[in-house]
Amino acid sequence: MSRQLALVTAALASCLVAGRPMAQDAPRLTGPEPFTREQPAPPMQRAITNDVRVTRNYPEQPPVIPHAIEGYALDLNANKCMSCHARKFTEQTQAPMISVTHFQDRDGNTLGALSPRRYVCLSCHVPQTEARPLVENRFTDMDALSEREPVNGRGGR
Ligand code: HEC
Ligand code: HEC
């Protein structure tokens, strides 16, 4: 056994002895004990529907949905989202138009309409709720990171 592997094994063993999970911050995923005990479902969280578009955490992030979507059909026969976000309806609805990537197929061809691979909007765009995060979120915005960098006098970038 290599030295590193021995160390890892020892660390793992000590965690198991202490009866604690390895990742201290991880939420409990195993449910009640014993697992057969029934628990009331947690309350539904209130959706954030204030219509304020949310800053993206990075440029390629699918923006989150800032409005109610309850009851919006999204199936084989109907796509309610497109009744506002399609190019031809945006003047009337003032919804932001789906961007050009939504017209592109996987081979990079730009189609005349919504690409099938972008049909199921909710696989990428999600509404938000007021739920408290299960674990602390230490995400740092890219801008905050670059602001912290010392300015390089030679302007070398
Ligand atoms: C009745 C019109 C309407 C429908 C239907 C609708 N939207 Fe919207 N959507 C809007 C408007 C208007 C905005 C601009 C912000 C606001 O007013 O809520 C918006 C904002 C958004 C945004 C944020 C865009 C950004 O740049 O921040 C996303 C994502 C979005 N909608 C996705 C969806 C999805 C997915 C559906 C279907 C489940 C949907 N919308 C259905 C009108 C609509
Ligand atoms: C495969 C993931 C995916 C699917 C499916 C998808 N989107 Fe997006 N969407 C994105 C990403 C990523 C962005 C941000 C980058 C970009 O514009 O391509 C985005 C951007 C948007 C924007 C903002 C456009 C802008 O210019 O500000 C709107 C509005 C939007 N999507 C609506 C929709 C609607 C409505 C659907 C369903 C018909 C949909 N999207 C399906 C990934 C997706």
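# Reading a predicted chain with two ligands

Modeller: Of the 157 residues of this chain, 3% count as buried. The model is predicted, so to say by the source's own limits: local features need pLDDT of at least 70, side-chain atom pairs count only at pLDDT 80 or more, and totals for chains, interfaces and linings use all residues. Residues are numbered from 1 along each chain as its sequence is written, while chains are lettered from A and ligands numbered from 1 in the order in which they are written.Colleague: What does "buried" mean as a count?

Modeller: A residue is buried if 20 or more other C-beta atoms lie within 10 Å of its own, exposed if 12 or fewer, and partly exposed in between, with C-beta atoms placed from the backbone. Arg56, for instance, counts as exposed, because it has 12 C-beta neighbours inside 10 Å.

Colleague: How many helices and strands does the chain have?

Modeller: Helices (H or I, at least four residues) and strands (E, at least two) are DSSP runs, numbered from the N terminus. Here there are four helices and zero strands, and the pattern along the sequence is α-α-α-α.

Colleague: Where is Arg56, and which residues does Arg56 touch?

Modeller: Two residues are in contact if their C-beta atoms, placed from the backbone, lie within 7 Å. Arg56 sits in the loop between H1 and H2. Leaving out residues up to four places away in sequence, Arg56 touches Gln61 and Pro63.

Colleague: What should I look for in the backbone angles?

Modeller: Most residues other than glycine have a negative phi, and most peptide bonds are trans. Asp51 is not a glycine, yet has a positive phi of about 65 degrees. Gln94 also has a positive phi, near 60 degrees.

Colleague: Where do Asp51 and Gln94 lie?

Modeller: Asp51 lies in the loop between H1 and H2, and Gln94 in the loop between helix H3 (90-93) and helix H4 (142-148). Asp51 is exposed, with 8 other C-beta atoms within 10 Å. Gln94 is exposed, with 8 other C-beta atoms within 10 Å.

Colleague: Which peptide bond is cis?

Modeller: The bond from Glu33 to Pro34 is cis, with omega near 0 degrees. Pro34 is placed in the loop between helix H1 (3-18) and helix H2 (82-85).

Colleague: Which residues come closest to ligand 1?

Modeller: A residue is near a molecule or strand if its C-beta atom, placed from the backbone, lies within 6 Å of it. Ligand 1 is surrounded by 21 residues, and Pro63, Cys81, Cys84, Ala95 and Cys121 are the closest. H2 gives the largest share of this shell, three residues.

Colleague: How is the shell around ligand 1 divided by class?

Modeller: Ala, Val, Leu, Ile, Met, Phe, Trp, Tyr, Cys and Pro count as nonpolar, Asp, Glu, Lys and Arg as charged, and the others, Gly among them, as polar. The shell around ligand 1 has 12 nonpolar, six polar and three charged residues.

Colleague: Which residues come nearest to ligand 2?

Modeller: Pro62, Ser99, Thr101, Cys121 and Cys124 come nearest, out of 20 residues around ligand 2. By class, the shell around ligand 2 has 11 nonpolar, seven polar and two charged residues.

Technical notes
Residues are numbered from 1 along each chain as its sequence is written. Chains are lettered from A and ligands numbered from 1 in the order in which they are written.
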